[in-house]
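Here is a quick tour of one protein chain. Have a look at the picture first, then read on.

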Amino acid sequence: MDNIQDITQGMHELKFGEMAGSFPQEIIQEILIRLPVKSMVKCTSVCKAWKSMIINPSFIHTHLSPTVDDVHLLLHRVSGLEVTTFLGKTVMDKVDDEVHSVHYDNQAFDEYAKIEFTIPRKQELWNSHLRVVGICDGLVCFADDIYRYGYNFFIFNPAIRKLLTLPKPKVRFVTHRGYDASIGFGFDAMTNDYKVVRVVTLLDQRGTPTLAEVYSLATGTWSSLGCVSPTCLTDGRASSAFVNGALHWPVFCKTNGGLYYFILNFDLGKEVFRKMPMPKSIQWKYDLGLRLSVSDNRKSIALFIMDNRCEDSFLEIWVMKEYGIKESWTKLITLGPQGPERLLPRALYFRKSGEVLVLLTDKSRQELVSLDLVSKEFKNLGISGYQYCNVGFYKESLLLLNKNNAESY
């Protein structure tokens, strides 16, 4: 009986394959590319011709076209019990990771969905949880370095549940001793390649040089770029912003007048660094919390400045209205502690509507809200109770589907 069913199923599949083969390839491609990502993955099992079409790099990149508008923000939040080690470092125990997909352009921002999310077994990691260093075209790049040195790097596609483990980078504690590292992830349009860039300041070497290395998804290897020019020091695990084909980090250099802050820009295609200025009013301020994000619907950069050292803590939100033009830096708002609880605001990300996702925090409470910059009103988003949070632009994609070395989860 089982043999008869197998034969019957095989005949149906053969007939379907013959029928599918009778349509022009252009029409089939136009139909398939409009399907949801999960449906397209299932279609790879229909016949060899469809599988070959869907895993073709040109099909995968065509699917990333702006005409496909299923766009969200990906929110990675981590909660757990904070404990202090015998070395005096604060780490987290009993960690709970959650990933949510939330609307990018929905003004009400009242809907979000939890995404199934799998990371390697905890005993394989150096830290209790991973850190998001970048999100690009549906790929999420994670680093295992949130509290202590770790060299596990992963690129994960949540839509098709494919995970790629990167080889260990070249600059590590065993090779260069102590360091601070800032990492970014983005797309090189010149070579159609996705790259992870690591900017590392060596703390135990004379002159504290800063080195750079790049991982290429196309080649699967790290390459060294040598010393970074312009000379700078990284602020360990600083946020990056990917805009106009370049990665950006807040960095600083030491001068006779103190610390001078600027933005380090790395062109992913040309693989060269350059300096971009910060607003003049904060270039020489000391010990600020600086976070870069994207603005103007991901066409320029935003700078979030946080000073939580005293009762007069504040948050400033700046945008570069014309990308690359230093005179176009504009301060949009300054916020102090909020409400009777004096919750400290920490900006995360711009939405398409111009509102800003903000964390309101104190030692026992964390709430995610959306800030209207015109009315200065906060909208509670119903997501709270975590110690770590990262937000980035996200849309589902087929990337990694044709990577044989990417594991399925």
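What follows is a short briefing, grouped by topic.

This is a predicted model, so local features need pLDDT of at least 70, side-chain atom pairs count only at pLDDT 80 or more, and totals for chains, interfaces and linings use all residues. Residues are numbered from 1 along each chain as its sequence is written, and side-chain values use heavy atoms, with hydrogens and water left out.

**The whole chain**

- You'll find six helices and 26 strands in the chain. Both are DSSP runs numbered from the N terminus: helices are H or I with at least four residues, and strands are E with at least two.
- Of the 409 residues, 50% are buried. Here, buried means under 20% relative accessible area, exposed means over 50%, and partly exposed lies in between (1.4 Å probe, protein chains only).
- The accessible surface of the chain is about 20300 Å², and carbon and sulfur atoms own 51% of that. Such areas come from the Shrake-Rupley method with a 1.4 Å probe, and for residues only the protein chains shown count as cover.
- Take the contacts in the chain with a separation of 6 or more: 50% of them come from residues 24 or more positions apart. A contact means heavy atoms within 4.5 Å.

- Two strands pair if DSSP finds at least two bridges between them.
- Strand 18 (residues 300-307) and strand 19 (residues 314-320) run antiparallel and are joined by six bridges. Follow M306 across, and its bridge partner in strand 19 is L315.

**A nonpolar patch**

- F23, I27 and I31 make a nonpolar surface patch of about 290 Å². Patches are made of residues with over 30% relative accessible area and no salt bridge; like charges are joined within 9 Å, and nonpolar side chains (Val, Leu, Ile, Met, Phe, Trp, Tyr) within 5 Å.
- F23 sits in the loop between helix 1 (2-21) and helix 2 (25-32). F23 counts as partly exposed because its relative accessibility is 44%.

**Salt bridges**

- Side chains of opposite charge can pair when their charged atoms come close.
- The structure has nine salt bridges, each one a side-chain nitrogen of Lys or Arg within 4 Å of a carboxyl oxygen of Asp or Glu.
- E30 and R34 form one of them, at 2.8 Å from N to O. E30 is partly exposed at 43% relative accessibility, while R34 is exposed at 62%.
- Another joins R198 and E213 at 2.7 Å, N to O. This pair links distant parts of the chain, with R198 in strand 9 (residues 193-202) and E213 in strand 10 (residues 210-216), 15 residues apart. Both R198 and E213 are buried.
- E355 pairs with K379, their closest N and O atoms being 3.0 Å apart. E355 is in the loop between strand 21 (344-350) and strand 22 (356-361), and K379 is in strand 24 (residues 378-384), 24 residues apart. E355 is buried at 5% relative accessibility, and K379 is partly exposed at 33%.
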